[in-house]
Amino acid sequence: MPRGEASAPRTGRPRGLSVRVKLTLSYAGFLVVAGAALFAVGFLLLRFVPEGNVYVVGGGWAPNRTNLVEVFVRYAWWALAGLAAFGLVGGWLLAGRMLRPLDRVTDAARRARDGSLDHRIDLPGARDELTELADAFDAMLGRVQQTLDEERRFAANASHELRTPHAIIRTMVEVARADPDGRDVHEVLRRIGDTNDRAIATTEALLALARAGRGGTWTREAVDLASIVAGAVEEETADAAAADIRIDTSLTPATALGDRTLLGRLAANLVRNAVVHNEPGGWVSVTTGRTARSAELIVANTGPVLDPAVADTLVEPFVRGAGRARGAETERGAGLGLAIVAAVVRAHDGVLDITARPGGGLHVRVELPRSMPRRD
């Protein structure tokens, strides 16, 4: 098989015994073997009974070894047959009861195979191997459904966003060709360049989002979140000063377990978002710290007043505080900044909380694990 080629599902398997039949035969066989072992011990004990005539003090008759062995063997076979029958019937009923949850798992798997991902097993009962299997399968279905929904929505949004700048460039080129003397060539080239920059920025953001959302092939290492955030703040200092925006920092060393590149993109996007979506004379507050189990990053900023319901949608691709991302202003981004942040946090098993400040702007809190999370 060529490398990288997925193996085809096996079809045409020969029909074998069902698990229920195998368990039934196992239960019955074990019961018969246990009974045979018990009878063997009894047969050995009969060796201690004397052979020949046995007389009882005071008169009477007692069976000897031969009499006892004859009776023992005759009824032992009947007892073994009864144990076999009881084992088969009881084993069949017991195996059916034990395997009943697997029927629900199989039914859910078949529905998922046929494209229905909204069905869940919801297996009741205390925690055991079968309920853990059912819960893990339900979690997997939920994750797959969420991933597919996000990919469908993302593909539709991305195709539209990538088509828009190319359509604008084509329109400007056609207009320039139709009236070559009526338009400044340098202005057309400038607008084409700006639109092309927007397309490049959107493409790079899409690649970063895809890498973060799919987990990638990155390895986790101990990273000082404070140093990464300090670099992101330094990159935005000049733009913030030009926009009359003050950046206040309180960077306490906080070690997180993750990928340095992705966490750098997370910090850069949060600081950049706080500066770009702000107002002259406003401020940005950047704080890092640590708790017993996590490293924490908080970015708060002034800006336009946002509806709290809108703040919950900002992690969707191509969404800004004012709604859908539009326009050719590449300096305002492609509407993917917080979507990338959410994908990075999710890939690191972290927590992202975005709330609208009552006075305007956002308050963003990120918690990243300091150690590998436990998988119960």
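Two strands are taken as paired where DSSP finds at least two bridges between them. On this basis, the predicted model contains an open sheet of 5 strands in the order S4-S6-S7-S11-S10, with mixed pairing. Strand S4 (246-251) and strand S10 (351-356) form the edges of the sheet, each pairing on one side only. Neighbouring strands are turned by 10° against each other on average, with direction ignored. Strands of a sheet pair through backbone hydrogen bonds, in either a parallel or an antiparallel manner. Here, S4 and strand S6 (residues 283-290) run parallel and are joined by 6 bridges. Within this pair, Arg246 stands opposite Trp283 in S6.

Helix H5 (residues 225-242) packs on the sheet. The contacts of H5 involve S4, S6, strand S7 (294-301) and strand S11 (362-369), and the direction of the helix makes about 170° with that of S4.

Helix H6 (residues 260-276) includes Thr261. Because the relative accessibility of Thr261 is 54%, above the 50% cut-off, this residue counts as exposed. Thr261 and Ile228 are separated by 33 residues in sequence, yet their C-alpha atoms lie 9.3 Å apart in space.

Thr24, Ala28, Gly35 and Gly42 are buried in H1. The buried residues of H1 pack against helix H2 (65-113). An α-helix has 3.6 residues a turn, so residues three or four places apart point the same way.

Methods. Residues numbered from 1 in each chain as written. Predicted model: local features only at pLDDT ≥ 70, side-chain atom pairs only at ≥ 80, totals over all residues. Heavy atoms only, no water. Helix = DSSP H or I, 4+ residues; strand = E, 2+ residues; numbered from the N terminus. Axes fitted to C-alpha atoms, helices over the stretch in contact; angles between N-to-C directions. Contact = heavy atoms within 4.5 Å. Buried < 20%, exposed > 50% of the residue type's maximum accessible area, 1.4 Å probe, protein only.
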